[in-house]
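Try each task before reading its solution.

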Amino acid sequence: MDKHIVALGGGGWMMGEQQSELDQYALRLTGKSDPKVCYIPTGDCSIYREN
């Protein structure tokens, strides 16, 4: 089993209406049709932070 760690710099995970090419690439790495993803945002992203 191959293992991968994908680190994103800037932007975010699944931020738009459609998946970005980077999102699609990370999902394809799993080899699964319905993968589970653990996204850990930084504290500077207000979309994922409660005010």
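**Exercise 1.** How many helices and strands are there in the protein?

*Solution.* This is a predicted model. The protein has one helix and zero strands. The helix, α1, spans 21-29.

**Exercise 2.** State what percentage of the residues is buried, and what the surface is made of.

*Solution.* Start with the count: the protein has 51 residues, and 12% of them are buried. Then take the surface.

**Exercise 3.** Is Ala26 buried or exposed?

*Solution.* First, locate Ala26: it sits in helix α1. Next, take its relative accessibility, 14%. The cut-off for buried is under 20%. Ala26 is therefore buried. Finally, look along the chain to Val37, eleven residues apart from Ala26. The C-alpha atoms of these two residues are 9.3 Å apart.

**Exercise 4.** Work out which side of α1 is buried and which residues are exposed on the other side.

*Solution.* List the buried residues of α1: Asp23, Ala26 and Leu27. They span an arc of only 100° around the axis, so they lie on the same side of α1. Now turn to the other side of α1, where Glu21 and Arg28 are exposed. After α1 comes Gly31, with a positive phi near 75°.

**Exercise 5.** Which residues form a nonpolar patch on the surface?

*Solution.* The members are Val6, Leu8, Leu22 and Tyr25. Together they have about 330 Å² of accessible area. Check one of them: Leu8 lies in the segment before α1. Its relative accessible area is 31%, so Leu8 is partly exposed.

Technical notes: Residues are numbered from 1 along each chain as its sequence is written. This is a predicted model: local features need pLDDT of at least 70, side-chain atom pairs count only at pLDDT 80 or more; totals for chains, interfaces and linings use all residues. Side-chain values use heavy atoms; hydrogens and water are left out. Helices (H or I, at least four residues) and strands (E, at least two) are DSSP runs, numbered from the N terminus. Buried means under 20% relative accessible area, exposed over 50%, partly exposed in between (1.4 Å probe, protein chains only). Accessible areas come from the Shrake-Rupley method with a 1.4 Å probe; for residues, only the protein chains shown count as cover. Patches are made of residues with over 30% relative accessible area and no salt bridge: like charges are joined within 9 Å, nonpolar side chains (Val, Leu, Ile, Met, Phe, Trp, Tyr) within 5 Å. A salt bridge is a side-chain nitrogen of Lys or Arg within 4 Å of a carboxyl oxygen of Asp or Glu. The arc is that of the directions from the helix axis to the C-beta atoms.
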